[in-house]
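Let's take a walk through this structure together. Have a look at the fold, then read on.

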Amino acid sequence: MARPTSSEWRNMMYAYVACTLLLAIKYQICQFIGANPENHPPEDKALLGNVPDVAEETKKRRARQAANDVENIPGNLVVFWAALYVQNLLNFDTPQDDGQNGTRALSAMIIIYTLSRMMYTVCYLASLQPFRSIFFIIGALSTWIAAAIMMYSVTQIDAGDYLP
C-alpha cells in the first residue's frame, strides 16, 4: 500500500465536507417539516398565516422521522469524523505507507452513508417497506465499517511519534 496522493486526500475531505453539509441540510429540513404546527405561539400565526392542515398520521410520521435523524445522524457523524482524524494521523504523521486504502474506503463509506440516509428519509415518509429498513441497515453498516477502519488505522500508527 502507498500513502494517498494529495488529490485522494483532497477528495476525501471534499466527500466529508459535502456529505456533512448535505446531512445538515436534510436534518434541518426534516426538523422543520416534523415540527408540530400546533405548538407555535400565537404570534407565529401572524407571521406564517394559517398552516394547511395535515393528516394526523402524516404529522406523526414526520415527527418520528425527524426524531430518527436526531438519534442517528449526530452520533454517526462523530464516528466518521473520528475515523477521518485517525486516518489523517496514519496518512501524514507516521513513517508508514498504509493509508491509501483506508482513505478511499472512508470516502466511499461516508458517501454511502449519506445516500442511504437520504433514501431512508424518502422511504420513511412515503411508507415504503422493506426499502426503508434496507437503507437504514446500509447506513448502519457503513458506519460500522468506518469504525472498523478507524480501529485498524489506530493499530498501524507508531505511538512513539506522540510520546516523549
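Start with a term we'll need: a polar contact is a pair of N or O atoms within 3.5 Å; within protein, one must be able to donate a hydrogen and the other to accept it, and residues adjacent in sequence count only if both atoms are side-chain atoms. The side chains of arginine 61 and serine 127 are joined by such a contact, at 3.2 Å.

A quick word on the source: this is a predicted model, where local features need pLDDT of at least 70 and side-chain atom pairs count only at pLDDT 80 or more, while totals for chains, interfaces and linings use all residues. Residues are numbered from 1 along each chain as its sequence is written, and side-chain values use heavy atoms, with hydrogens and water left out.

Back to arginine 61, which you'll find in helix α3. (Helices are DSSP runs of H or I with at least four residues, strands are runs of E with at least two, and both are numbered from the N terminus.) Arginine 61 is buried but has no salt bridge, and the nearest side chain of opposite charge, glutamate 57, sits 4.2 Å away. Buried means under 20% relative accessible area, exposed means over 50%, and partly exposed is in between (1.4 Å probe, protein chains only). A salt bridge needs a side-chain nitrogen of Lys or Arg within 4 Å of a carboxyl oxygen of Asp or Glu.

Now for the aromatic rings. Rings of Phe, Tyr and Trp (its six-membered ring) pair if their centres lie within 6.5 Å; planes under 30 degrees apart are stacked, over 60 edge-to-face, and the rest tilted. That rule gives 4 aromatic pairs. In one of them, tyrosine 16 and tryptophan 81 have ring centres 5.2 Å apart and planes at 85°, so the pair is edge-to-face. This pair links distant parts of the chain, 65 residues apart: tyrosine 16 is in helix α1 (residues 6-34) and tryptophan 81 in helix α3 (residues 56-92). Tyrosine 16 counts as buried because its relative accessibility is 0%, whereas tryptophan 81, at 31%, counts as partly exposed.

How are the rings of tyrosine 120 and phenylalanine 136 arranged? Their centres are 5.6 Å apart and their planes at 55°, so the pair is tilted. Tyrosine 120 is buried, at 4% relative accessible area, and ring pairs link Tyr120, Tyr124 and Phe136 into a cluster.

Conventions:
Lys, Arg positive; Asp, Glu negative; His and termini not counted.
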